[in-house]
Amino acid sequence: MDTLQVGQFGLVLQQAKATLIVPLLKFLVVVCLGMSLMLFVEKVYMGIMIILIKLFRRRPVKHWKWEAIKDDVELGNSAYPMVLVQIPMYNEREVYQLSIGAACGLSWPSDRIIIQVLDDSTDPTIKDLVELECQRWASKGINIKYEIRDDRNGFKAGSLKEGMKHSYVKQCDYVAIFDADFQPEPDFLYRTIPFLVHNSDIALVQARWKFVNSDECLMTRMQEMTLDYHFTVEQEVGSATYAFFGFNGTAGVWRIAALNDAGGWKDCTTVEDMDLAVRASLKGWKFVYLSDLKVKNELPSTFKAYRYQQHRWSCGPANLFRKMVMEIVRNKKVSPLKKFHVIYSFFFVRKIVAHIVTFVFYCVILPATVLVPEVQVPIWGAVYIPSTITLLNAVGTPRSLHLLIFWILFENVMSLHRTKATFIGLFEAGRVNEWVVTEKLGDALKKKLGAKAPRKPRLRIGERLHVLELIVGFYLFFCGCYDLAFGKNGYFIYLFIQSVAFFIAGVGYVGTFVPNS
């Protein structure tokens, strides 16, 4: 009787597999292959465009009018436009001096620049330190304002918006924005402001990020590879072809008239910078990206900080896409080609498809085909396309080509969180408006490691374990074992290596570990 029941159960399982599982998996494979092709075409197009841009030397100074602002004997310093420099910060104990010092060191007539420190800190000690730093620079003759508010409504967007309400801002023409860990070179304004002065249709001049701690650990090297592609290719191509790209939220200068024309800062999503850029673009404003102007900043070096940052960077764009797609479609001021670029290329492929296909296809569907041999993935979809995409991504950081395998594994691990965040943004689920300020360590890590370490550092296991990564790791390991025992396509090599990457992330052995004080 038991044998008969087992046989019946097996028969039901086989029927369910044939009628439901196999067709469903085949459908998902087709969908994932379609998304892979979309991403592949996007990467190839971007690669071709960046080659043409470099070949024809399409530099901003050639395409746009640019003349250095010169001293005028008659006009004096009034020949220089009035510039506001905003530095939003929140409990930035380790880096506040760096950003304030760099901003106060900008070369610009002292009576034509206002430094505005927007301090949302909740720690009274840090507040006092920041205020004292502002007073120290003010005593040196720097026009610096220390501004606080009663609450943190709207987070960074709310802080920037509140900062623009002060009466002294009305005399300013342009506003430069730097996050608390950014350190612009003294000539930053001399290289950016002329684009805005001599081209009335330019709203934004964006500089490139330069990472001061990219060699701190393997995780920061991986981040450098990802972000270098963004700045080397995506921003460059967007600027040269459509005069549109996403504002990076810092290391940029806005024309205040354009900022106001676009509706100012809004806090309806966690990507207030991208939101403003899209709204300004829909008003017909143009953007310029300067790849040769670099601003030093810090990459998150702890896994916890990086996960929070990636949640915001993935959830926010998806949520913004949901809210603005129809507004973009109905817009009358921009061309259909630019609308297509913003909706399809900028949002759909880069901000949604790229995250989903990386995790769903390579970490869920492809391993599942090992368990269901009736479903086959063509070699071009399993090997050739992802290999090409990976190589095209790597062009931004030639010095890290030898780390390509580690980068692939790490990006697949992070795609789990990016995919989850993307769906949260699209469906406006629980954590859609979560905003956690990215932790900056500055020199704190060096100081702590330089001090005498305790014999037995306390590790909170709960804080280091990440359940989702461990679950995916076990799934991939199981699929690898099954493929090794019964499969014929050799996926087990990839599955075992990728499962190890998920296990390492699952136990929190990624990035820098900061000892307890």
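User: In which helix is Tyr384 found?
Analyst: This is a predicted model, in which local features need pLDDT of at least 70 and side-chain atom pairs count only at pLDDT 80 or more, while totals for chains, interfaces and linings use all residues. Residues are numbered from 1 along each chain as its sequence is written, and side-chain values use heavy atoms, with hydrogens and water left out. Helices are DSSP runs of H or I with at least four residues, strands are runs of E with at least two, and both are numbered from the N terminus. Tyr384 is found in helix 12.

User: Which helix gives the largest share of the nonpolar patch?
Analyst: Leu37, Ile379, Trp380, Val383 and Tyr384 make a nonpolar surface patch of about 460 Å². Such a patch takes residues with over 30% relative accessible area and no salt bridge, nonpolar side chains (Val, Leu, Ile, Met, Phe, Trp, Tyr) being joined within 5 Å; areas come from the Shrake-Rupley method with a 1.4 Å probe, and for residues only the protein chains shown count as cover. Tyr384 has a relative accessible area of 48%. The largest share, 4 residues, comes from helix 12.

User: Which residue of strand 6 is the bridge partner of Val175?
Analyst: Two strands pair if DSSP finds at least two bridges between them. Strand 4 (residues 174-177) is joined by 4 bridges to strand 1 (residues 83-89), running parallel, and by 4 bridges to strand 6 (residues 252-255), running antiparallel. Val175 and Ile177 point one way from strand 4 and Tyr174 and Ala176 the other way, and all are buried (under 20% relative accessible area; exposed is over 50%, partly exposed in between; 1.4 Å probe, protein chains only). In strand 6, the partner of Val175 is Trp254.

User: How many residues apart in sequence are the parts tied together by Glu428 and Lys323?
Analyst: The side chains of Glu428 and Lys323 meet in a salt bridge (3.6 Å, N to O), that is, a side-chain nitrogen of Lys or Arg within 4 Å of a carboxyl oxygen of Asp or Glu. Glu428 lies in the loop between helix 13 (404-427) and helix 14 (444-450) and Lys323 in helix 10 (residues 303-330), so the pair ties together parts whose separation in sequence is 105 residues.

How values were computed. Patch = residues over 30% accessible without salt bridge, like charges linked within 9 Å, V, L, I, M, F, W, Y side chains within 5 Å.
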